[in-house]
Amino acid sequence: MASSSSSTSFMAPPPKMNKTSSMNSLRKTLGLKKPNNGELSMVPSRPMVSPTLSSPLGGSGAAPLEKDYHSLEYRLTHGHWRIFNSKSVFGNKDASVLVFDKKSNVKAPPKLGKSKTYSMFDLIKYETQQLMGLIHPRILHMEHNLEETKDYFSFATEQIFGNLESIVSDDSFDRLEIKLGVLQIIDGMSYLHNSAKMLHGNLTPDAIYVTATKTWKIGGFSFAVNAKEPNCYPCYPWTKKLPPCLQPDLDFLAPENLTQGQTTVTSAADVFSLGVLICWIYAGGKRLIDAKNNLETYHIIVGQLDAALQCISNELGPNLKDSMAKVLSLDVEQRPTVQLLSLIKHFDDPCLSALRQLDDIAQVFDPSQKSHFLSQTLNAAIPHISETVWFNRVLPRFNEQLLELPEMYYSITKPLFHILEHCESHNIHKMKPWIRKLMEATTHNKLLRAFILENMSALFRRLSDEFVEDKCLDVIILSLKSEDTSLQSSAVRGLPHVAEYLPISFITKKLLPTIMTLPPFLYENVPRQLDLLAALSALSDRCDVANIPQLFICISLCNSHHPVVVHAKSRIVQRLVMRDPNRLKDAQLFCIHLLNPLVTGLACKDLATFTCAHFDDILSSVRILLDVLEQRRYEMEDRVEHKQSNHHLGLNRLGNRRVSMSSTNLPRVMISAARPSFSSDSRKMSFLSADGRLEDRGSRRESRDSRGSLESDMSIRIGNGSDISDDSCFSSHSAKGRRQSWLDGYGHSVSLEQNTNGFLETTSRNLGDRNSMKQRNARASERRARTRSPNAELDPHREQPPARPNSFTNLGHNIVLTYRNLLYKDHT
């Protein structure tokens, strides 16, 4: 065997030949004469034991097909041919050059008389002559006829990937591919029998070529014969007098070929050979008949084929085993025709059918039929096909048949995106050429653009291609600016899925300004406004303090008072606070664009049709914004006071506080966001106290030396599914609607704060008595806080700054100090 060098360069100088001798040589090569029936013995097309083929570089003659093919690279040895990958001179297309070294010629023994001139050369010339006249998708395509030089016979075909023996032993091939390959052989044999009226005569593994597109194709026509009459072909005996390499492979011959005095056979002889070949394929390369060129052994094994089939029954499966029992029957009449084999239950598989249609997609001329197959039939089969087949079969067919058909691009987007979404990461790069083609075609294909807009997240998550990402950004802007509302809708619906991948510069400089031009698209259209609010909600996570005003303006574009729109805005508020409440710096802006629409929405009559949970959700968002507004107000006062005087910051604010409205008749609170923090000094948001006033216990600070301040961290806690009713703000002994005294309410409020597990230890240290703490906790467990504080930086192990009650006079303040000192002395 020749060494498999990485590449072979044919640099040998061509022999000096005049024009006449060259033409005679060409005529000799092309003037192929069919040997007489009496002289023709059939040769097996399997690896032969012969002298090793030398490299073309070592030959004294011209390189094979050097005028038409270049860059020859050794691929493999197949039968008596050495196969080289090459490029055609015209068009630079991939091809294979098959080379036979004349030194490997085998001749018939001289004692045979007339057959003494019969040799391997005759078989080669006959094989290429037959192959040249056969044109079918399942027959190996010959691209250049046979040429003969001093050292070689050579011809060119479509690019060959390997031989059947190497494919069957390769574990990477899926069983579905094996089924498909067998069906392709059946298709080719059906063409030979029904259309070409030809008997192959030597259907062996070496007669099957696997092309670069992983298609199985039939070759090896050294012993093919044409029909004398319908379904009647000449029969030639197998003899020990000829070398095995000059005859058909005995292990794949039908028994009737060896019957004494038999001169003709039917197509059933090929059916038997096909059955033996199928068993060889499914058995992983093990021969069903292994006679070792011995006729006696052959007849013994043929008589025991039932037992041989039983040995490989697990590999075949029940359906195929039953069919093979008929195919390998010694009774010719029981054997089915080749075309009936394709109809057995073993091949009844929707995925297999889809792959077969894909192989023949070039033969479908109706665009609508082709489009329906790609977008419906193939797309339904793709999830059930293995990833190996995706890249061995499906993608090569797309490259081969559809790359130059832009009108079919939309039809294959669903299969392509499914493959991209579910393939292994090491295969993603194989998808880039197709995705780039699709992105380039979006400019002129509206349907394709709409599909990509709604499935764009897969491109950002999986592909990592700058060209594709830049194209995606352009498509988003072009679609939003389009006059086609369907494209605008697709772009808006796709934004929530890609918001996290969009560059912040793109969002602020292009996307949000483009969204501001959409009022005509949104006018009195609730579904579109909901889609935009969903997109803006996702984009809000990417906006910082500098560009949050743009987001607020975009939110205002959705000006419908429909309950679902109001509720969607309330969810945006909670998302903003949950992520980073410090972005809500501009009180005037969020009051105009967020608070005002929510308050107006609460008064909408249609809101009564909503569930109580939705109403409470909106109400909670309003309270959150009011608390943020209050916090910003106090921060502003702090700054003013700091500039005007050096007095304690909390005293002036104490006299300026206004009491909020009573919460006696407000509905229960349902807040679904996380607890936020608004400032670095750990201030806490206001909450509704037990006496109905809106208090800001945590936001006002007191000097550390003041004993009248009690530590509190029970402000508005924002958590999903909170269920806090107003009735919990009142004592069980008080009459309905009765307001408690400020002192009672304040004491109740303190007990509520002490009930918080996170601050139990801190409060206990301040009061100095754990037993008193437990008693207050027991009383507080009967009531629940009105609202919770949105402070995301809650730390139960960190001592909080002291806070004091709200809305009281100096007298009330002194009473509290006295009350607290007395309690402290009693317990100490």
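Strand S1 (residues 69-78) and strand S2 (residues 81-88) form an antiparallel pair joined by seven bridges, pairing being assigned where DSSP finds at least two bridges between two strands. The model is predicted, so that local features require pLDDT of at least 70 and side-chain atom pairs count only at pLDDT 80 or more, whereas totals for chains, interfaces and linings use all residues. Residues are numbered from 1 along each chain as its sequence is written, and side-chain values use heavy atoms, with hydrogens and water left out. Within the pair, Tyr69 is placed opposite Ser88 of S2. Two residues separate the strands of this hairpin, and Gly79 there adopts a positive phi near 65°.

The protein chain as a whole contains 31 helices and 14 strands; these elements are DSSP runs numbered from the N terminus, helices being H or I of at least four residues and strands E of at least two. Of its 828 residues, 54% are buried, where buried denotes under 20% relative accessible area with a 1.4 Å probe and protein chains only. The accessible surface of the chain, about 38100 Å², is contributed to 52% by carbon and sulfur atoms; areas were computed by the Shrake-Rupley method with a 1.4 Å probe. Among contacts (heavy atoms within 4.5 Å) in the protein chain with a separation of 6 or more, 75% involve residues 24 or more positions apart.

Helix H6 (residues 295-302) has Leu295, Tyr298, Ile301 and Val302 as its buried residues. These residues lie on the same side of H6 because they cover an arc of only 125° around the axis, the arc being taken over the directions from the helix axis to the C-beta atoms. The buried residues of H6 pack against helix H5 (268-282) and helix H7 (305-311). At the start of H6, the backbone nitrogen of Glu296 has a side-chain oxygen of Asn294 within 3.0 Å.

Trp238 is located in the loop that lies between strand S11 (233-234) and strand S12 (264-265). The residue is buried, its relative accessible area being 9%. Beyond its neighbours within four places in sequence, Trp238 is in contact with Gln247, Pro248, Leu250, Leu253, Leu258, Asn293 and Leu295. One of these residues, Leu295, also belongs to the buried residues of H6. A polar atom of the Trp238 side chain lies 3.0 Å from the backbone oxygen of Pro248. The C-alpha atoms of Trp238 and Asp249, which are eleven residues apart along the chain, are 9.3 Å from each other.

How values were computed
Buried < 20%, exposed > 50% of the residue type's maximum accessible area, 1.4 Å probe, protein only. Polar contact = N/O pair within 3.5 Å; in protein donor to acceptor, adjacent residues only side chain to side chain.
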